Amino acid sequence: MPLGTLDRNPPPLFRQGPSALTKLALCSALALLLMVADARFKLMHPARSALALVLQPVQRLLLTPVDAWEKAGDYLRGTQRAMAAEDLAKRQLAQQAERLARVAALQAENDSLRKLLALQPALAVPSLAAEVLFEAPDPFSRRVVIDRGATQGVLAGSPVINEAGVLGQVTRVYPLSAEVTLLTDKDAAIPLLNARTQMRNAAAGRADGSGMELRFLAANADIKVGDAMITSGLDGIYPPGLPVARVTAVERRGDSSFAQVQLAPVAQPDSARHVLVLLPVGRHLAAKQEAEAAAAAQAASAAEAKAQARAAKKAERAEKAAEKAAAKASGATP
């Protein structure tokens, strides 16, 4: 068969349509049209929802081994954490039991020594629970506002503490709220006692509000980093023995006769949510003395009333005896 007579066209099964570039342009235009239509008219949302609904069991089935592995790991980790927490709780409970026994013994010894030395018992300062509402809107001070005020018995000058230690002092009292000036405020000051050396000093807030510092402390004073500072109780406001701060830095310079001592408050004001407002010790003492005086006056008046009642009864008995004697005497006379 001559070559010129061959049919070079492909069979109908392998006939080629449009070119590849045309197909690419057509598919691209169709894809853009579908994306625009879906974004504009949400045309594919029902189809997408139906497809997601159909594929959800398949997805859950495929995720079953992963979920089982994660749950097994969580169970093992949770068991280990629970056992570790239980061991820690047992150790803490044992330590607290030992400390409680020592505290009970020390308290009994303290009571006996106070009785032996004829000292007054330690004061039980009344307190009032409060909640911190917000920080004062003054950017140049460190103050917070609590939800207790004059209506609940809060007084100006009352110390404010939390579970860690002293936070500050009430400086302004409103009917239903009060402002508390924190120890880190530049205008705040508190008398302290070094728990290690029993040396007294006064601390004030730093100018930038970042902490506290001891002022006018001699350069050769016995103070070290880590010393605990507590309230001395000599100001008549703060009860003695409350934790206040810890020494973080001590700088002694040769050209100065005073040491620069920086303190970090043990009670973090930024994390304080619930606090206790204490009655100032001086006012508590005055109230206690007034109560004792009133009780003594009441006891004296009661004793006087009893004495008067006894005297009246004796006079009545004497009068009756005199009447009986007079009656007998008149009956015996002829």
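Guide: Let us begin with a caution, which is that this is a predicted model. The mean pLDDT of the protein is 80, and 86% of its residues reach 70 or more.

Visitor: Which elements have the lowest and the highest mean pLDDT?

Guide: Helix α3 (residues 281-332) has the lowest mean pLDDT among the elements, at 70, while strand β9 (residues 228-231) has the highest, at 92. Where pLDDT is low, the predicted coordinates should not be read in detail.

Visitor: What does the secondary structure of the protein come to?

Guide: The protein has three helices and 12 strands. Six strands close into a barrel, in the order β6-β7-β8-β11-β10-β9, and their pairing is antiparallel. Neighbouring strands of this sheet are turned by 40° against each other on average, with direction ignored.

Visitor: What makes β7 and β8 a pair?

Guide: Two strands count as paired if at least two bridges are found between them, and three bridges join β7 to β8, so these antiparallel strands meet the rule. As for a partner in β8, G205 is bridged to M212 there.

Visitor: Where does F216 lie, and why is F216 called exposed?

Guide: F216 lies in strand β8, which covers residues 212-218. The word exposed calls for a relative accessible area over 50%, and F216 has 69%, so F216 is exposed. F216 also has a positive phi of about 60°, although F216 is not a glycine. Another residue other than glycine with a positive phi is Q198, whose value is near 60°, and Q198 is placed in the loop between β6 (189-194) and β7 (200-205).

Visitor: How many aromatic pairs are there?

Guide: The count comes to one aromatic pair. The rings of F216 and F258 have their centres 5.9 Å apart, and the limit for a pair is 6.5 Å, so the two rings qualify. Their planes stand at 85°, and an angle over 60 degrees counts as edge-to-face, so that is the name of this pair. The pair links distant parts of the chain, since F216 is in strand β8 and F258 is in strand β11 (residues 258-265), 42 residues apart.

Visitor: Why is F258 called partly exposed?

Guide: Partly exposed covers the range between buried, which is under 20%, and exposed, which is over 50%. F258 has a relative accessible area of 39%, so F258 falls in between.

Visitor: How do you know whether D185 is buried or exposed?

Guide: D185 has a relative accessible area of 2%, and buried means under 20%, so D185 is buried. D185 is found in the loop between β5 (178-182) and β6. Not counting residues up to four places away in sequence, D185 touches S141, R142 and G205. D185 and R206 are 21 residues apart in sequence, and their C-alpha atoms are 6.9 Å apart in space.

Visitor: What share of the residues in the protein is buried, and what makes up the accessible surface?

Guide: Buried residues make up 22% of the 334 residues in the protein. The accessible surface comes to about 23,800 Å², of which 62% belongs to carbon and sulfur atoms.

Note on methods
Residues are numbered from 1 along each chain as its sequence is written. This is a predicted model: local features need pLDDT of at least 70, side-chain atom pairs count only at pLDDT 80 or more; totals for chains, interfaces and linings use all residues. Side-chain values use heavy atoms; hydrogens and water are left out. Helices (H or I, at least four residues) and strands (E, at least two) are DSSP runs, numbered from the N terminus. Buried means under 20% relative accessible area, exposed over 50%, partly exposed in between (1.4 Å probe, protein chains only). Axes are lines fitted to C-alpha atoms, for helices over the stretch in contact, and angles run from 0 to 180 degrees between N-to-C directions. pLDDT is the predictor's confidence in each residue, from 0 to 100. Rings of Phe, Tyr and Trp (its six-membered ring) pair if their centres lie within 6.5 Å; planes under 30 degrees apart count as stacked, over 60 as edge-to-face and the rest as tilted. Accessible areas come from the Shrake-Rupley method with a 1.4 Å probe; for residues, only the protein chains shown count as cover. Contact means heavy atoms within 4.5 Å.
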